[in-house]
Amino acid sequence: MSIRRIVIIGAGATGTAATRALRASGFDGALALIDGEGETPYERPALSKSVLTDAADPPVLLDAATIAREAIDLVSGIPAAAIDRAARCVTLANGPAISYDRLLIATGATPRRLTLPGAERVYYLRNLADARAIRTRLVPGAAIAIVGGGLIGLELAASARRLGCAVTVIEAAPRILGRAVPARLAAAIEARHRASGVAFHTSATIASIDGAGLRLDNDAWIGADAVIAGIGVVPETALAGAAGLALDNGIAVDAAFATSDSAIFAAGDCCALPHRLFGTARLRFESWRVAGDTGACVAATLLGVARPFDAVPWFWSDQYDETLQIAGMPQFGARIVERATGTAAPMLFHLAADGRLVAAAAFGPAGAIGRDIRIAERLIAACAHPAPEDLADPSRPLKVLLRGTVAA
Amino acid sequence: MISKENDTMTQWIDVCAADALEPDDVIRFDHEGQTFAVYRTSDDAYCATDGLCTHEQVHLADGYLEGRIIECPKHNGRFDIMTGAAKGAPACIDLATYPVKVADERVLIGLG
Ligand SMILES: Cc1cc2nc3c(=O)[nH]c(=O)nc-3n(C[C@H](O)[C@H](O)[C@H](O)COP(=O)(O)OP(=O)(O)OC[C@H]3O[C@@H](n4cnc5c(N)ncnc54)[C@H](O)[C@@H]3O)c2cc1C
Ligand code: FES
């Protein structure tokens, strides 16, 4: 069957990257992009940073000129309400249906919600409307309680401090940043926040929230003018689930984004997929470049040539003037090799039991760590088994190891 | 060292010794309040672009050069160093480029 009509649900990093890649690879059929948010598609990472601190508009992902030039039928501000798999069409919330030969679901994720007395007072941050609402509360001198010491919570903490708020972070686990960030770096990041005056309560559970603050299980009281939660996200699978597609901690897809329906694909934060470097179990990545990379990669598959996703996952998190960057998946490491970087924390290389490099992580000014993380990414992609003593020796440029790998 | 090319307004400004820049390498060069990135490719071509990423103004000379693509150290935006074209999100605004020549074992950048 020839593929003449492609519909994409969701105009985030994934949906917009797929749109561009489809046109770039010569697809000249009908291309509809359904954007439930109704904003000009924008870069979500700015929401916890410049959108708050500088009251800036987030950078645009797909501007009007590109939409016109690439003949994209943008449905703006009207969510998709249902997928009719038998009729191969997507019904919009206001009634009309759009037919497809191939459908891409790129609906992203939504914040996990607190369920406790007073939870209705809590702010969450996922979209531009959320950021605008939070911005009005981050006034100098305001006391802000942030529930969750994950990436979003910490980025919010840094932005709120920059705006002159008093900030307390409340984390249920014994340490901030959970499994995806090595303990050594989490400690350096916490120290950075404390140096800026952020207070932390770890191993702390919240009992209730009211207009003046929140009470912990141990009866401690934390006064707050506003409470913002960043306690993780859940993949947005409502449409896929209602249509009967297989789910597995996200829309279940194979390495080339195929769902359990051969005409429907899913990519980005909404899906879970296996990755050649990290075993056979499905994983979720929840990061911006991965989302865009999956969107660009799925274009080939949508056009009929199944292309497995194999880019190394990587993310950054900017806090103050520093950045955390992690390439690969630290969870798959069995041992850690440290390399001094001249910043507050060493770069950490995670090696699997057989010595294969599976992740590299660092926290510091981007200019001090960015290049070596780029090189590590390539070593990870090449399944390199670098000698630990080479990784540990900052006088030995990583680039040399890369040459060795490529030649081997 | 400043010299004028015949019939043009280009000023050739001294950057560094030719061998101070290795093949497949990039350096930062500051001149009169502006910052540039000057590159030498693995096949020995020299070129120059604006020094700051068009996304959030970090020094591209701290980035990773592979072939003719420089990757920004901060968010991995990518640029073609020969044309300045933005080649990878989140970078979407092109960089300006500048002529570079090597004379008497010195690297010179053409400005103005
Ligand atoms: C505040 C914040 C800061 C972040 N900072 C970073 C960072 O610094 N670095 C990093 O690597 N990652 C960061 N991330 C994560 C990154 O932004 C996401 O991984 C990425 O946006 C995922 O892209 P996506 O397109 O898959 O999903 P999304 O960006 O979530 O886009 C999905 C879109 O689909 C829409 N949608 C959902 N359902 C429907 C429907 N039924 N009909 C129509 N449209 C629908 C949604 O409204 C949304 O617009 C951040 C995320 C947030 C929220
Ligand atoms: S600062 Fe260069 S990509 Fe963001």
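Two strands pair if DSSP finds at least two bridges between them. Strands (E, at least two residues) and helices (H or I, at least four residues) are DSSP runs, numbered from the N terminus. The model shown in these views is predicted: local features need pLDDT of at least 70, side-chain atom pairs count only at pLDDT 80 or more, and totals for chains, interfaces and linings use all residues. Residues are numbered from 1 along each chain as its sequence is written, chains are lettered from A and ligands numbered from 1 in the order in which they are written, and side-chain values use heavy atoms, with hydrogens and water left out.

**View 1. Strand E24 of chain A and its two partners.** Strand E24(A) covers residues 347-351, and five of its five residues are buried (under 20% relative accessible area; exposed is over 50% and partly exposed in between, with a 1.4 Å probe and protein chains only). Strand E23(A), residues 335-339, runs antiparallel to E24(A) and is joined to it by five bridges. Within this pairing, Glu338(A) has Leu348(A) as its bridge partner. Strand E25(A), residues 357-364, also pairs with E24(A) in the antiparallel sense, over four bridges. Here Phe349(A) stands opposite Ala360(A). Five residues lie between E24(A) and E25(A) in a hairpin, and Gly355(A) in its turn has a positive phi of about 90°.

View 2. Four bridges hold E13(A), residues 206-210, against E14(A), residues 213-216, in an antiparallel pairing. Ile206(A) faces Leu216(A) across this pair, and the hairpin connecting E13(A) to E14(A) has two residues. On to the next strand, E14(A) is joined by three bridges to the antiparallel E15(A), residues 221-223. Arg215(A) has Trp221(A) in E15(A) as its bridge partner. The hairpin of E14(A) and E15(A) has four residues between the strands, and Asp219(A) in the turn shows a positive phi of about 80°.

View 3. A pocket is an open set of points on a 1 Å grid over the protein atoms alone, with protein on both sides within 12 Å along at least five of seven lines; a cavity is a set where a 1.4 Å probe fits but cannot get out, and lining residues have an atom within 4 Å of a point. Grid points are joined across faces, edges and corners, and a volume is the space filled by probe spheres set on the points. The second largest pocket holds about 1,000 Å³ of space. Its lining has 33 residues, and those nearest the centre are Ala17(A), Arg20(A), Lys87(B), Gly88(B) and Ala89(B). At least two lining residues come from each of helices H1 (13-24), H3 (64-69) and H8 (288-302) of chain A and strand E9 (86-88) of chain B. By class, the lining has 17 nonpolar, five polar and eleven charged residues (Ala, Val, Leu, Ile, Met, Phe, Trp, Tyr, Cys and Pro count as nonpolar, Asp, Glu, Lys and Arg as charged, and the others, Gly among them, as polar).

**View 4. The largest cavity, lined by residues of chain A.** The structure holds two cavities of 30 Å³ or more, and the largest has a volume of about 50 Å³. Its lining residues include Gly268(A), Cys271(A), Arg284(A), Phe285(A) and Thr294(A). H8(A) gives the largest share of this lining, three residues. Five nonpolar, three polar and three charged residues make up the lining of the largest cavity.

**View 5. The second largest cavity, lined by residues of chain B.** This cavity has a volume of about 30 Å³. Among the residues that line it are Cys53(B), His55(B), Cys72(B), His75(B) and Pro90(B). Four nonpolar, three polar and two charged residues form the lining of the second largest cavity.

**View 6. Strand E12 of chain B at Leu111.** Leu111(B) belongs to strand E12(B), residues 106-111. Leu111(B) counts as buried because its relative accessibility is 12%. Its C-alpha atom is separated by 9.3 Å from that of Val100(B), eleven residues apart along the chain.
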